[in-house]
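This report covers the ligand contacts and the pockets of one protein model.

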Amino acid sequence: MKGCIFCNISEREIMAENELAVAFYDKYPVNEGHTLIITKRHVETLFEADLDELAAINRLIFDVKRLLDERYGPDGYNVGVNVGEAAGQTIFHLHYHVIPRYLGDVANPRGGIRRVKKSIIPYWAEGEKGGGRAP
Ligand code: 5GP
Ligand code: ZN
């Protein structure tokens, strides 16, 4: 789509692709190796994609994981999608985040992607053994 950043990713930025999906590095990575996977077709969110496109994205997640393992040797991953402004989506062309995680990259990784809204994690009550509020 004209004016969409992700529809206009340049060939040289492409890390991997298949028939329906493309992977490239995030321009403002939260960790080394932070990668985005998009549909080739311009769709705004996860829920406008069709099942073939989602299957293609899933295949590419595996390819990207292999590449990132080789290049950075991370200790784990967060894989996720923001759907809609309320969920923090800022670019309205479907993209999956594949974020390599490294032991010690945050003080307390507990909760992973659930940390997007710390207050809705019910068992993070103050004073709980091994718990407590995330920093
Ligand atoms: P969202 O907040 O919509 O889930 O994520 C958008 C992502 O796109 C962010 O992680 C941001 O760093 C990344 N981003 C923004 N502009 C560009 C760009 O021009 N090129 C690339 N490769 N990533 C971008
Ligand atoms: Zn687009």
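## Ligand 1

Which side chain has an N or O atom 2.8 Å from an oxygen atom of ligand 1? One such side chain is that of Asn82. The side chain of His97 also has an N or O atom 2.8 Å from an oxygen atom of ligand 1. A nitrogen atom of the ligand lies 2.9 Å from a polar backbone atom of Tyr25. The protein buries 84% of the 520 Å² that ligand 1 exposes when taken alone (Shrake-Rupley areas, 1.4 Å probe).

Around ligand 1 there are 15 residues, and the closest are Asp26, Asn82, Thr90, His95 and His97 (a residue is near if one of its heavy atoms lies within 4 Å).

## Basis of the values

This is a predicted model, in which local features need pLDDT of at least 70 and side-chain atom pairs pLDDT 80 or more, while totals for chains, interfaces and linings use all residues. Residues are numbered from 1 along each chain as written, chains are lettered from A and ligands numbered from 1 in written order, and side-chain values use heavy atoms, without hydrogens and water.

## Largest pocket

The largest pocket holds about 550 Å³ of space. A pocket here is an open set of points on a 1 Å grid over the protein atoms alone, where a 1.4 Å probe fits, with protein on both sides within 12 Å along at least five of seven lines; lining residues have an atom within 4 Å of a point. The lining has 20 residues, with Asn78, Ile99, Gly112, Ile113 and Val116 closest to the centre. Strands β4 (76-80) and β5 (95-101) each give two or more residues to this lining (strands are DSSP E runs of at least two residues).

By class, 10 lining residues are nonpolar, 7 polar and 3 charged, with Gly counted as polar. Domain 1 (11-103) and domain 2 (106-135) each contribute at least three residues to the lining.

## Second largest pocket

The second largest pocket has a volume of about 320 Å³. Of its 17 lining residues, Phe6, Asp26, Tyr28, Leu36 and Ile91 lie nearest the centre. At least two lining residues come from each of β2 (21-25) and β5. The lining comprises 8 nonpolar, 6 polar and 3 charged residues.

Notes. Grid points are joined across faces, edges and corners, and a volume is the space filled by probe spheres set on the points. Helices (H or I, at least four residues) and strands (E, at least two) are DSSP runs, numbered from the N terminus. Domain bounds come from an automatic or database domain assignment. A polar contact is a pair of N or O atoms within 3.5 Å; within protein, one must be able to donate a hydrogen and the other to accept it, and residues adjacent in sequence count only if both atoms are side-chain atoms.
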